Amino acid sequence: MEASTATVTTSARAQPFGQTEINWDKLDKTKFYVVGAGIFTGITVALYPMSVIKTRLQVATKDTVEKNAFSVIRGLLKSEGIPGLYRGFGTVITGAIPARIIFLTALETTKVAAFKMIEPFNLSEAPQAAVANGIAGMTSSLFSQAVFVPIDVVSQKLMVQGYSGHESYKGGIDVVRKIVRSDGIRGLYRGFGLSVMTYSPSSAVWWASYGSSQRIIWRFLGYGTDAEPAALSDTKIVAVQASGGIIAGATASCITTPLDTIKTRLQVMGHERKSTARQVVKTLVKDDGWTGLYKGLGPRFVSMSAWGTSMILAYEYLKRLCAKDE
């Protein structure tokens, strides 16, 4: 997954990664995409409410009654029941599959190239993993934004409809129709620049943290000597990968939440209330001080850690499941 076959083989003598990672060229791609679509859809169903809560908190004004995650949940359950926590879900799940295929394909192919590119620099294990994973994470995010941003714009409008003065819609098609009528196709890419500035660095930080933290954890556990490593149990492999996912989610959420807050506010604004990123920042700072830029940090922190850990464990399991027999 994270190096050419030769690099992984060399690394396996000093690290346990040869036992835990599978190269892209060793996967059954058809099985990977088909089974992966089902697995990731299930995870999305389980964790989607966190996105709704985070989005509502980020667009809340100083006059909004719901000031924290618990009050948002209470309000949604009281007014709409469980379906309220899944506003915009249909739109997200429709676009998530092609976006994820683009992302994972770009991630894996770029990662192999990145490892080869930085090999001459003779970096130590953790920095090498951080750089290669970071490059791959940023590149794959850039490719997937073309599909993801319109889905993000539509789903977020559905998440906040009727909330804090936002317009109500009859569904995803109605949102698209109204956006195109008022702003043209460009309206579906509202906040595209900020999305790239938010998700690409976030993806770079996430994958860099994940790749490097795994190596640091393995060394902490006593691996990394010149001796041939002992066979690893599935439990230990999963525990290290889960820990890496949590660390990566925590790091990325803390660094990129301000950009995410600005992007979300820009994307949910109606055409009659258009603002620039600078105006959004001024409003946030005026109403809540600089801490306003971190609105929704708690849910985003939990969301990115939970999403990241769940997704990476499913992803690593999927790769083992879809590995071709030698």
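**View 1. The largest cavity holds about 1200 Å³ of space.** Closest to its centre, among the 36 lining residues, sit R100, F148, Y199, W307 and M311. This is a predicted model, with pLDDT of at least 70 needed for local features and 80 or more for side-chain atom pairs, while totals for chains, interfaces and linings take in all residues. Numbering runs from 1 along each chain as its sequence is written, and side-chain values use heavy atoms, leaving out hydrogens and water. A cavity here is a set of points, on a 1 Å grid over the protein atoms alone, where a 1.4 Å probe fits but cannot get out; lining residues have an atom within 4 Å of a point. Points join across faces, edges and corners, and the volume is the space filled by probe spheres set on them. In total, the structure has three cavities of 30 Å³ or more.

**View 2. Helices around the largest cavity.** At least two lining residues come from each of α3 (29–59), α5 (89–118), α6 (125–160), α8 (192–220) and α11 (297–321). The largest share is from α6, with nine residues. Helices are DSSP runs (H or I, at least four residues), numbered from the N terminus, and strands are E runs of at least two.

**View 3. Residues 30–48, a "transmembrane region" according to an unreviewed UniProt entry.** Such annotations may be inferred rather than shown by experiment. The span is 100% helix and 0% strand, and its end C-alpha atoms lie 26 Å apart.

**View 4. V180 in helix α7 (residues 172–183).** V180 has a relative accessible area of 32%, so it counts as partly exposed (between buried, under 20%, and exposed, over 50%; 1.4 Å probe, protein chains only).

Key
1 Å grid on protein atoms, 1.4 Å probe; cavity = no way out; pocket = protein on both sides within 12 Å on 5 of 7 lines; lining within 4 Å.
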